[in-house]
Amino acid sequence: MVLGAVGVCRAGLGYSETRGQEAGIGAPTEAPRPAVKQARLFLLCVYLVGFLDLFGVSMVVPLLSIHIKSLGASPAVAGIVGSSYGILQLFSSPVVGSWSDVVGRRFSLLVCILFSGLGYLILGASTNIFVFALARVPVGIFKHTLSISRALLSDLVPEKEWPLVIGQLNAASSVGFILGPMVSGYLIELDGGFYLICLICFSVFLLNAGLVWLFPWSEIKISSTKNSLGLGKNYASLGKTDHEVQEASPTPGIMVSEKTPRPFWMEVMSTLQDVKSLVFSEMWDIFLVRLLMAMAALLYHSNFVLALKERFGVRPMVAGYLISYSSTLGALAGLVLGPVLRLYRHNSHRVLLHSSMLTFLLLLLYSMAPTMRTVIFSSTLLAFSTAIGRTCITDLQLTVGRAHARGTLIGLGQSVTAVGRVMAPILSGVAQEVSPCGPPSLGAALTLVAVFIMSLNKSRYGGDRTDRLKSE
């Protein structure tokens, strides 16, 4: 991952002499070495934020069902409270994404991290179901650290490097998701273990906020202005100082000058108009594919432990090891994404189509697996295909929707995923009434529909058009 960041800094963040002259800046043939090191440090800091975010979250999330049951909640009440997070994410994702375009990535990251940490602190102190549900509210509204980080990375690097850096961010986050449950699994055995875990999670979020505060924001902006260090064509939304008011340019390549802040209600109306224009734009098929693939992955994971126990008599502990194994492979998938994209000549639509086809076949194989060896084989390849697919769908969103603000695009994409989080548990419960293989079989069917939609629209996104969009 470090080597990948170095490669991006050298290949993607440096202006050539020609590009510097086109921008009207008399820059040397390459960015000064201190500027390259500064950009490399900035990328690594963003990856560290992603790691700490999921490390803290993954310590708590696996224990939520156990804790709410200890509070006396029935399965129905636990399901309703659990779905509240997805419902809040559904509405807050596009709003927070657009808000980050307006106020800047730095301020929005700090607010989201601090309020999410507060939610987990309240969760640790919950002694009844009402406080538990209340604690999920700030997390559901403000837990968008990774979304804003992806938008920040898209501000920093050229478009052809988006899948690479987003894949590396996903890899760093996956490592945190692997380590978190291991730590909490030990701590939960202690007296007051859940409270201690939530307190540690809150401390991790505070550490993350301090890291964001200490980011070399001003140095990066100075480098991109004075030393021609290419941090993407739009860096207006990286952050604000006390003496600047900036807005992210909705179209890459346009530098936005200082503006007088508009009233809050005008910003809200502008955000809603952006979301409406995206929902009814020609990108409907991309969002539909994202929804279908998200639901397929959620259905696969929904009853994974229970299905292995019923089909093969596998103990939950062994199933947990297999989940950690798959998460590790998902992290590695972010590191091999660069060579895969070069093989496909940076055609994200083709990579997404082929990875979705592979996901369909593997889900079908898993649902009909006669032995655990087949399960391990299908889970191994599924970790790669789903991780690559998630990165490519985000890249395709940003590439095709380049006329819109990036925070809005990523936020709306997360909102679509939140719809899947609400619908998948319901569909999984219905499918499990038929068979333990029902949820992954349904996921395979949804994946096949997504492949069909992408095949019908192949002429719109494939081949020369994607290359042309990325080169503009």
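Predicted model: local features only at pLDDT ≥ 70, side-chain atom pairs only at ≥ 80, totals over all residues.
So, the expected span of a helix is 1.5 Å times one less than its number of residues. Keep that in your heads for a second.

Let's start with helix α8, residues 145-156. It has 12 residues, and from its first C-alpha to its last it reaches 17 Å, close to the 16 Å expected. How much of α8 is buried? Well, 12 of the 12 residues are, so α8 is largely enclosed by the rest of the structure. Among those buried residues you've got Arg-150 and Asp-155, along with leucines such as Leu-146, Leu-152 and Leu-153.

Okay, next up, a helix pair. Helix α6 covers residues 105-124 and helix α7 covers residues 129-142; their axes come within 8 Å and cross at roughly 165°. That makes the two, α6 and α7, roughly antiparallel, and their crossing is left-handed. Who meets whom? On the α6 side the residues include Val-111, Phe-115, Gly-119 and Leu-123, and on the α7 side they include Val-131, Ala-135, Arg-136 and Phe-142. Sorted by class, this contact has 12 nonpolar, two polar and one charged residues.

Last stop: Gly-413, which sits in helix α18, residues 406-434. Is Gly-413 buried or exposed? Its relative accessible area is 0%, so Gly-413 is buried. Leaving out residues up to four places away in sequence, Gly-413 touches Phe-287, Arg-290 and Gln-397. And here's one to find on the screen: Gly-97 is 316 residues from Gly-413 along the chain, and their C-alpha atoms are separated by 9.7 Å.

That's my tour, thanks!

Key: Residues numbered from 1 in each chain as written. Heavy atoms only, no water. Helix = DSSP H or I, 4+ residues; strand = E, 2+ residues; numbered from the N terminus. Buried < 20%, exposed > 50% of the residue type's maximum accessible area, 1.4 Å probe, protein only. Axes fitted to C-alpha atoms, helices over the stretch in contact; angles between N-to-C directions. Parallel < 35°, antiparallel > 145°, perpendicular 65-115°, else oblique. Left-handed = near helix turned anticlockwise from the far one by under 90°. Contact = heavy atoms within 4.5 Å. Nonpolar A, V, L, I, M, F, W, Y, C, P; charged D, E, K, R; others polar.
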